[in-house]
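Take a look at the structure below. A short walk through a few of its parts comes after.

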Amino acid sequence: MAAQFVRYTPDVEDDDPNFDRNLQTVIEKTESYIAESVEAGGTGRALRDAHAKGYGLVRGEVEILSGLAPEYAQGIYATPGTHDALIRFSNGSPHAGADARLGAATGLALKIFDIPGPTLLDDEPDTGTFDYANINGPVFFSNTVEHYLFIQELFLDAPDYFSQGRPGARRFFTDFVTGKGTLDQDNWAWDEFLAFLRLSKIPPVNVLLSSYWTMGAVRHGDHIAKVRITPEPSSAAAVVRRTIDPTSAAEVFRPALEAELQERPYAFDIQVQLCTDLERMPVEDTTVEWPEQLSPSITVARLRLPQQDISGPENLEKMDALSFTPWRVTAEHAPLGNIMRARKEVYRHSSIERHQLNQQPRTEPRSADEVLGPAQ
């Protein structure tokens with residue numbers, strides 16, 4: 001069985017000679033947007049450059065399962081046990097405001113505590129925490145840092161485009177495909193644009209009913225994987241507030257999440273999909289969904305959310321002060337591919353800038369209780 005899984009080697013990633021130069025430009029634009037968001041963002045605070053609006057900070061517990069096959073019992077999943085956790089549910093947009101303006105792209109960021117071993121963050125190697133920053137789609141809409149430069153600009157300027165009705169939408173779509181006129185026709189960003197359209201058509205549902213994927217590939221010890229956090233079937237079946245109508249009120253996602261967690265506990269399955277074919281399950285092309293028929297997603301852990309009350313402004317304040325990054329992991333789970341590699345420094349600089357502007361201490365917590373207080 002093990003022979004069918006592609007083993008990780010460094011050469012599964014491409015070497016982009018312009019990576020560092022393009023990355024620096026992305027960092028500068030990100031820091032500029034965050035600084036300007038204090039005035040322009042409508043909240044009086046510096047916003048994240050993505051997932052700017054949070055829907056709630058939730059206490060959780062991750063149980064790493066025993067009896068896993070050796071290919072899946074890798075890295076942190078090699079040691080069964082239970083860990084405290086925090087979960088941040090959010091909208092994917094770089095903007096704040098009414099839910100109807102932001103779309104249905106949502107995120108689940110997970111922080112697992114008491115994980116031994118150094119992280120891959122040079123400035124905080126010994127936090128004992130392990131993060132996922134996942135989105136509710138199996139693909140992503142940017143494959144290179146060069147393309148991310150114009151895609152980032154489009155997303156930050158999206159309200160201006162779409163406020164102009166159909167002509168503005170046409171300009172947005174044209175600028176996306178053509179790279180704002182910078183791409184040769186043979187290299188137009190059709191794959192990335194189609195991935196964006198696919199994500200934009202995700203219907204709005206309770207955030208407890210979405211599945212959330214690592215945006216790109218990651219190491220899974222000796223192998224290559226994508227990680228999905230997906231509703232545990234019996235928990236999903238119990239959700240009462242299932243469909244969401246963003247036009248019905250300014251706030252729809254957070255109230256539905258609050259109400260469900262006040263009434264009952266919930267659970268997600270943490271699943272690993274191992275790569276078996278680098279052509280059909282590529283590392284560098286994030287617009288390609290990895291086929292389940294080539295390699296099914298296997299549950300390696302369970303994420304449990306106890307019944308709890310997340311209402312109140314203090315929950316949002318505590319959530320806003322936290323930092324999540326896909327690089328706060330051990331080496332056995334390193335993100336792979338140029339887009340994932342870019343996230344390391346973009347997320348770090350974004351976090352530093354935002355915390356400084358908001359006068360928040362940028363320290364990694366050692367437990368869920370440290371953030372939320374003792375469980376009731």
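Predicted model: local features only at pLDDT ≥ 70, side-chain atom pairs only at ≥ 80, totals over all residues.

Residues are numbered from 1 along each chain as its sequence is written, and side-chain values use heavy atoms, leaving out hydrogens and water.

Begin with helix α9, residues 338-357. Helices here are DSSP runs of H or I with at least four residues, strands are runs of E with at least two, and both are numbered from the N terminus. α9 has 20 residues. From its first C-alpha to its last it reaches 29 Å, close to the 28 Å expected at 1.5 Å a residue. That expected span is 1.5 Å times one less than the number of residues.

α9 also has a kink of about 25 degrees, centred on Lys-344. The bend is the angle between axes fitted to the seven residues ending at a residue and the seven starting there. Lys-344 is among the buried residues of α9, as are Ile-339 and Val-346. Buried means under 20% relative accessible area, exposed over 50%, and partly exposed in between, with a 1.4 Å probe and protein chains only. The buried residues of α9 pack against α1, β4, α2, β6 and α8. After α9 comes Gln-359, with a positive phi near 55 degrees.

Now the threonines. Thr-178 lies in helix α4. Thr-178 counts as buried because its relative accessibility is 12%. Beyond its neighbours within four places in sequence, Thr-178 is in contact (heavy atoms within 4.5 Å) with Leu-183 and Trp-188.

Thr-79 sits in the loop between β1 and β2. Thr-79 is exposed, because its relative accessible area is 53%.
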